[in-house]
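Keep the viewer at hand as you read.

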Amino acid sequence: MTEPLLVDRTDAVVTLTLNRPTAMNSLDVALKEALRETLAELEADRSCRAVVLAGAGGSFSAGQDLREHVQTLEAADADPLGTVRAHYNPIAARLANLPKPVIAAVRGMAAGAGASLAFLADFRIGGPKTRFLMAFAGVGLAADTGASWTLPRLVGHAKAVELLMLAEPVGAEDACRLGLLTRLVDDDEQVLPAAQELAARLAAGPTVAYGAIKRQLSIADAGTLADALAAEAQAQAICGATADHRSATMAFVNKQKPVFEGR
């Protein structure tokens with residue numbers, strides 16, 4: 001049986017590949033459960049210092065597997081959208097709060113919950129064929145997998161309304177201009193290598209500080225200046241006690257290149 005999620009480790013970088021290429025990596029229960037559980041494991045794995053999220057074949061992810069969803073809709077005793085609480089919400093929370101950098105290698109189409117997954121990453125790398133489609137309204141649904149939270153932060157409230165309600169595809173160049181992509185490479189074949197190269201760079205950095213930065217920004221987005229200042233004080237107390245901070249400070253004073261160990 002083919003594994004729905006491939007896990008590859010190269011040094012401190014873990015690449016997670018959604019592996020249903022014949023179904024455009026649409027998200028069925030097996031894939032969602034594998035992703036949810038693997039992210040939980042990586043959160044506590046100190047040997048993992050950066051994560052790349054990719055799709056097998058020519059697509060990132062078409063979102064929810066609608067063929068499977070139809071079966072759920074037709075089952076008399078089923079909760080058709082129970083997957084939001086059981087799968088999508090936990091996955092979104094894990095991705096957003098993972099205390100290490102997450103890079104999405106968005107090759108080809110990212111639609112619905114697939115696009116939402118990409119928007120939860122800290123960085124998104126795309127190529128000429130990258131497309132985003134907030135497809136939810138097209139099947140009579142509202143947003144899920146954190147899109148109502150991530151989209152306004154990436155593109156602003158008005159543009160988020162447009163993308164979600166009109167459900168029109170966004171091409172690579174427009175996605176880069178809007179901030180949906182962090183970087184646009186010239187060749188689709190280079191999307192994953194570029195994402196892994198960035199992940200390797202980040203994995204060699206101050207991982208504890210990266211996690212603290214993510215927490216700071218999350219608090220500041222929703223809070224007051226007082227909330228942000230309190231979060232900054234807490235973060236600096238944590239980072240200031242790390243071996244990375246001490247060794248990097250000494251390296252700076254001695255005009256040497258710092259070496260970070262993520263602790």
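Helices here are DSSP runs of H or I with at least four residues, and they are numbered from the N terminus. With that naming in place, note that this is a predicted model, and let's begin inside it.

In soluble globular proteins, nonpolar side chains tend to be buried together. Here, the largest nonpolar core has 43 residues. Those with the most contacts inside this core are L16, L35, L117, F132 and L180.

The structure holds one aromatic pair. F119 and F132 form that pair, with a tilted arrangement: 5.1 Å from centre to centre and 40 degrees between the planes. The pair links distant parts of the chain, since F119 sits in helix α4 (residues 113-119) and F132 in strand β7 (residues 131-133), 13 residues apart. Both F119 and F132 are buried.

Stay with these rings for the next feature. How many cavities of 30 Å³ or more does a search of the whole structure find? The search finds one, and the space in the largest cavity is about 40 Å³. Its lining consists of F119, F132, L133, M134, L151, L163, E168, V170 and L180. By class, that lining has eight nonpolar residues, no polar ones and one charged one.

Now move to a loop. N25 lies between β2 (13-18) and α1 (29-43). Is N25 buried or exposed? N25 counts as buried because its relative accessible area is 0%, below the 20% cut-off. Apart from residues up to four places away in sequence, N25 touches L18, N19, R20, L31, G55, A56, S59, F60, S61 and A62.

Finally, turn to the largest pocket, with a volume of about 530 Å³. It is lined by 20 residues, and L120, A121, D122, K214 and L217 lie nearest its centre. At least two lining residues come from each of α3 (82-97), β6 (123-126), α5 (147-155) and α9 (207-222). The largest share, six residues, is supplied by α9. Sorted by class, the lining of this pocket has 12 nonpolar, three polar and five charged residues.

Definitions and conventions:
Residues numbered from 1 in each chain as written. Predicted model: local features only at pLDDT ≥ 70, side-chain atom pairs only at ≥ 80, totals over all residues. Heavy atoms only, no water. Core = buried A, V, L, I, M, F, W, Y, C linked by side-chain atoms within 4.5 Å. Buried < 20%, exposed > 50% of the residue type's maximum accessible area, 1.4 Å probe, protein only. Phe/Tyr/Trp six-rings, centres within 6.5 Å; stacked < 30°, edge-to-face > 60°. 1 Å grid on protein atoms, 1.4 Å probe; cavity = no way out; pocket = protein on both sides within 12 Å on 5 of 7 lines; lining within 4 Å. Points joined across faces, edges and corners; volume = space filled by probe spheres on them. Nonpolar A, V, L, I, M, F, W, Y, C, P; charged D, E, K, R; others polar. Contact = heavy atoms within 4.5 Å.
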